[in-house]
Amino acid sequence: WLKPSGALRHAVAPPLISCIPMVETGVTMMWPRGSMPTLLGPQPQLAKFTPIRLTDGDQVQGVTDLLESLRAHATFTWVVLPLLAFAQVVLPILRPTCSKGFSDVSLLAAVALIFGSHFVMESQAWGSAKSLASEPEMVVMRTYGILKRRRWLVFIGLLEAINFYNDLTFPILAYECRSDLTERWAESWATAPLVGPIAVSVLHTLRFWGLSAICVVFVIVVGLTGLISLFGVSAGSLGLYDGAPVRPTSSGSAYGQQEPPRLSAYALVNLARHSEGACTPSVACWCTELALQRRWVFCPKEELGGALGAARARESVIFGKAKPESLEQYELRDKEVLDRVDAAGSMYSCAVLIGKVLIGGALPLWLQANFFQLAFDVLGPEARLKLTVRVALSAFHVAARLMAAPFKTGLLGIFVSVVGLFATVWAALKVGYGLACPDHVWMLFQGCMDL
């Protein structure tokens, strides 16, 4: 029945979409239902089909458009939002008060600008990032649910921008309600074991609002540094094709004389890092997932016998002539490129955990929870409600960020995640016990305190 003239091969109905890997080029061919060529026998009609490949110009243009969108969004995040927060210092009508908290006018205006700019600029960046994927890669992305994840990540990006604006304006509120804030905080730390005297000395020197302002200034400086780095990046400086060499096809191939170079996984990790700096986690996730696919680069390993050598090595392992660990060197992949991409991805994931979770999330959250306790009697009901909502949003943002780490982060990532989670739980307990304790001050080791 295997003969080309047999009738059985004609009786098998083709599936809706048939994917046949082409060994020569590494490209997956796709045919619609009813048009799949016969696998057995001569195939003269194969020359009609061409693989879906991105040309060199398409990839460079896509990267250029993506960088322009990221620059625009990063400029809004790290320049426009700090200027809006500084306007509350200059204009008394926008300044927060202890009775009502943050000004409703400034808060609504900032939220409207954040929503409008994020939807416009994120859509442009998302379209440019999607243009970097080929059609088979798009099928994989749909299979793994990456496209559906965009809505959630857009929400996370909006929440991140709103939290950043709240962090920018928090030192102003702490300054307005500074009456005995530092003294109460220093008194609560005075009996803390080990770090108590050091904390009291630092607090009396920097004051509560000064410590909050230093944290905010540090985050702004880091963001502006990333913005300057983003403006210095171009499509040519990313190393677009590093690790993905051009592989010429055979002269008789139906797919052309030469395959276009493929955008490398290392360049995609760099694009994901810049996307995080621009506060577009959806684009960063897309570039990261695309990098996870493209880090597998074919290497013929001709010096080890190629595919035949790999098959003989597996046979030796099966019959006990070699150890299973020896198979790794026979794998037909470029391990140097794989290790390089994994190392860059781990550094990127650790940077996100340290910057977005620890410094930009957990630390401001913990300071705001302390402020809620120390200024409870000074704040009005409306100010308490606003502060409780912003603490809840910050805690939710930190928890959502802790769940997303596409690359292995090692001991450093585990340590940062544990510290961030501990600080978040600590802040939540401070807010809860701040409502329950008689003097509204609760410490981790001392419990409710009478100041």
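## Disulfides in a predicted model

The torsion about the S-S bond of Cys-437 and Cys-448 is about -60 degrees, so this disulfide is left-handed. Keep in mind that the model is predicted.

**Exercise 1.** Work out which parts of the chain the Cys-437/Cys-448 pair ties together, and whether each cysteine is buried or exposed.

*Solution.* 
- Step 1: check the bond. The sulfur atoms of Cys-437 and Cys-448 sit 1.9 Å apart, and the cut-off for a disulfide is within 2.5 Å.
- Step 2: Cys-437 is in the loop between helix H14 (410–436) and strand S3 (442–443), while Cys-448 is in strand S4 (residues 447–448), so the pair links parts eleven residues apart in sequence.
- Step 3: apply the burial cut-offs, under 20% for buried and over 50% for exposed. Cys-437 has a relative accessible area of 2%, so it's buried. Cys-448 comes in at 43%, so it's partly exposed.

**Exercise 2.** Find the handedness of the Cys-98/Cys-177 disulfide and say what it connects.

*Solution.* 
- Step 1: the S to S distance is 2.0 Å for Cys-98 and Cys-177.
- Step 2: their S-S torsion is about -135 degrees, so this one is left-handed.
- Step 3: Cys-98 lies in the loop between helix H2 (56–90) and helix H3 (104–130), and Cys-177 in the loop between helix H5 (149–176) and helix H6 (181–189), so the bond ties together parts 79 residues apart in sequence.
- Step 4: both Cys-98 and Cys-177 are buried.

**Exercise 3.** Write the pairing pattern of the bonded cysteines in sequence order.

*Solution.* 
- Step 1: the count is two disulfides.
- Step 2: numbered in sequence order, the bonded cysteines pair as 1-2, 3-4.

Conventions
Residues are numbered from 1 along each chain as its sequence is written. This is a predicted model: local features need pLDDT of at least 70, side-chain atom pairs count only at pLDDT 80 or more; totals for chains, interfaces and linings use all residues. Side-chain values use heavy atoms; hydrogens and water are left out. Helices (H or I, at least four residues) and strands (E, at least two) are DSSP runs, numbered from the N terminus. Buried means under 20% relative accessible area, exposed over 50%, partly exposed in between (1.4 Å probe, protein chains only).
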